[in-house]
Amino acid sequence: MHGGLAPGVKLDKQDPDVMLNLRSVLPGGKLSTRAGEGVPWARRWKGPPFVLFGHDAVRGLQRTDFALGLDTGCVYGRELTAAILPERKLVSVRARRVYTEIAPRRGRVSARAPRPTSPRARWPPSSPGEVRAVRFAPSAGGMRREALVLRDAAGTPRAFRNVCKHLPILLDAGSRRYLTPDGAELLCATHGARFRREDGLCVHGPCKGASLDAVPLEHDGDALFVIDDGR
């Protein structure tokens, strides 16, 4: 299983979207895709069947009577964990490197934290279909911080934090590809979420209805500056 199973629901009645994205159960039984709220779904799963799952690097290795969570954060430079069946013996190896520079756990220092930059970065002219990444000083914990600057369909400049609303990782996952193939929307390379260019609203994916954090822009004559607001 990638995500999880809704507790109390028979296997053949499970919602595929829940199976892909579930992380937590809130008070009252409401399901959540977020790891920072409620309790892990696996604690509420009474089986059968026994489930092996991932998608929750924030919590790391999880063991319950009827579930085993194996996501130990390899992509963030931690460990890759496997379960040998049928005895469920665990084997872990250290990641060879950090594969994405923003970790889901507050305070983790990137292995490649950039040098501090100006809080007022000039954005050079660009074509309507281009997206520019403007890097700011890293966070206090060393996490990478940058803005994605682009023009909407009307040609108006927009800027958004390069952080997906589903999980706090770079939208491009380090690929430097920011748009859907048709260039109409911003794209999360990890989960496939799509965000409108004009306001950053997620129109498809696990964070549908949430909006990317806008970053202030400032005009100074013919120049346009991207303002680091400290978030």
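The hairpin formed by strands β11 and β12 has five residues between the strands, and G155 takes a positive phi near 90 degrees there. Strands, like helices, are DSSP runs numbered from the N terminus: a strand is a run of E with at least two residues, a helix a run of H or I with at least four. This is a predicted model, in which local features need pLDDT of at least 70, side-chain atom pairs count only at pLDDT 80 or more, and totals for chains, interfaces and linings use all residues. Residues are numbered from 1 along each chain as its sequence is written, and side-chain values use heavy atoms, with hydrogens and water left out.

β11 covers residues 146-151, and β12 covers residues 157-161. The two strands pair in the antiparallel sense over five bridges; pairing means that DSSP finds at least two bridges between two strands. Within this pair, R151 stands opposite P157 in β12.

β11 also has strand β10 (residues 132-135) as an antiparallel neighbour, joined to β11 by four bridges. Here R132 has V149 of β11 as its bridge partner. Five of the six residues of β11 are buried, so the strand is mostly covered (buried is under 20% relative accessible area, exposed over 50%, partly exposed in between, with a 1.4 Å probe and protein chains only).

Elsewhere, three strands make an open sheet in the order β2-β1-β3, with antiparallel pairing. Its edge strands are β2 (31-32) and β3 (39-40), each of which pairs on one side only. Strand β1 (residues 24-25) is joined to β2 by two bridges, and the two run antiparallel. In this pair, V25 stands opposite L31 in β2.
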